[in-house]
Amino acid sequence: MRCRPPIISGLLTLVALSTLVSCLPSQRTQLTESQLSALIESHPPFPALSPNYYMTTTPAGNLSEQSSPDGADERSNGKTVALLTPMLIPRSPGSDNATIVRDHIMSHFDGLSNWTAVTDAFMATVPEYGGVMGVLNFTNLIFRLTPPGSDDIPSRYLTLVAHYDSKISPFGFIGATDSAVPCAILMYLAESLTPHILARWKSDIDAVSDDTGLQIIFMDGEEALVEWSDKDSLYGARHLANLWESEKKSSQFGRMTALQDIDLFVLLDLLGAGSPAVPCFFEITSWACRDLAETETRVRNAGLAKTKGQRPFIRAHNVMKNVFIDDDHMPFLRRGIPIMHVIPIPFPKVWHTMNDDGAHLSSEAVHDWAVFVTGWVAGYLGVGDFL
Ligand SMILES: [Zn+2]
């Protein structure tokens, strides 16, 4: 429990404790089927996550508008904003398209209430390729939801992560599942949950500093530029883990590093193809994996999933402890951060091929991943009573 009794002395203490103790509802809970329905029906993922919605890419990679379909869910500005489509362009580190995609992500969070952006820009040594030699610019984007009208901030963060860069080869590679879809899902999740998390905090602003908040990282440079190795991969994750390990801050527990603010590091990767099978990878976080699987079950039972008659996406009974996957979680795992890796085994058939594009996505699977993850995070952050 995070309840903090007010400091009151004298005979009235017992009475005061029974009447004045304020307390936010528990976190790390599960939304009920009716709460999941209320959450998703008030803000459905479609059409923002459709690969063809509202904006489309031309062969030159420029963005152009298309008309909005009838009956589209609309934001307060009067039109739904495409989340996924603007990212379905080649976006290797340091390229103009990488800047376009970063601007797309930044402007999305600019349009939401109370999100603070932190940019981790750096240069790193890279192998020689395609006329690039020596060093290249990389930029990680970190967003944190901050409480309204309070200097207090949450003591730790549920940290959701996906990489926004794409492979430089084969030429023109899009990387829809790798990882444009996970990025778009995190943008949708932030838009969907922001008002509910803020409502929770407004209900007891003094309790915010005991709460777990939400942090979302869009990582650059996950892909190898030439050939995967310890030095040619995970540029953004390696830099950020190193940076946060060295950043010290004072807390009620003494000096801590920024890394220790991470409650759980959840990495989404290779999502969006049909019929995925995602196991749990770590015994220590299998509770979170089981909770995500339970959310999937409840979403399906509530009739909110678009993929019907399929085996579950999350296979929580299966902890694949002996499977090693090198990905953006590794620099954090090595520093003792608890990890949940949401990645299908086997990888999608389109993995690292030209077919990993919008046309080969399963729109139903993209929708359902957005609903499963958003519903699970809503329970984790305890917003079930604030929908
Ligand atoms: Zn990849």
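This is a dialogue on reading a predicted model of one protein chain.

Colleague: How many helices and strands does the protein chain have?

Modeller: Helices (H or I, at least four residues) and strands (E, at least two) are DSSP runs, numbered from the N terminus. Here the protein chain has eight helices and 12 strands.

Colleague: In what order do the strands of the open sheet lie?

Modeller: Two strands pair if DSSP finds at least two bridges between them. In this open sheet the six strands follow the order S3-S4-S6-S5-S9-S12, with mixed pairing. Strand S3 (115-129) and strand S12 (339-342) are the edges, each pairing on one side only. Strand S5 (residues 156-163) and strand S6 (residues 212-219) run parallel and are joined by eight bridges. Leucine 158 has leucine 214 in S6 as its bridge partner, and leucine 160 has isoleucine 216.

Colleague: Is S5 mostly covered or uncovered?

Modeller: A residue is buried if 20 or more other C-beta atoms lie within 10 Å of its own, exposed if 12 or fewer, and partly exposed in between, with C-beta atoms placed from the backbone. S5 is mostly covered, as seven of its eight residues are buried. Of the 387 residues of the protein chain, 45% count as buried.

Colleague: Which residues touch the most other members of the largest nonpolar core?

Modeller: In soluble globular proteins, nonpolar side chains tend to be buried together. A nonpolar core is a set of buried Ala, Val, Leu, Ile, Met, Phe, Trp, Tyr and Cys residues joined through C-beta atoms within 7 Å. The largest one here has 103 residues, and Ala184 and Ile185 touch the most other members. Helix H4 (residues 176-203) gives the most to this core, with 14 residues.

Colleague: Why does valine 101 count as buried?

Modeller: Valine 101 is buried because 25 other C-beta atoms lie within 10 Å. Valine 101 sits in helix H3. Two residues are in contact if their C-beta atoms, placed from the backbone, lie within 7 Å. Leaving aside neighbours within four places in sequence, valine 101 is in contact with Pro86, Met87, Arg91 and Tyr164. Valine 101 and tyrosine 164 are 63 residues apart in sequence, yet 7.8 Å apart in space, C-alpha to C-alpha.

Colleague: Where do H6 and H8 meet?

Modeller: Asp291, Leu292, Thr295, Glu296 and Val299 in H6 meet Val371, Phe372, Gly375, Trp376 and Gly379 in H8.

Colleague: Which peptide bond at proline 346 is cis?

Modeller: The bond joining isoleucine 345 and proline 346 is cis, with omega about 0°. Proline 346 lies in the loop between S12 and H8. The peptide bond from phenylalanine 46 to proline 47 is also cis, with omega near 0°.

Colleague: What is phi of serine 275, and is serine 275 buried or exposed?

Modeller: Phi of serine 275 is near 50°, a positive value in a residue other than glycine. Serine 275 counts as exposed because it has 12 C-beta neighbours inside 10 Å. Histidine 352 has phi near 60°, again positive in a residue other than glycine. With 16 C-beta neighbours inside 10 Å, histidine 352 counts as partly exposed.

Definitions and conventions
Residues numbered from 1 in each chain as written. Predicted model: local features only at pLDDT ≥ 70, side-chain atom pairs only at ≥ 80, totals over all residues.
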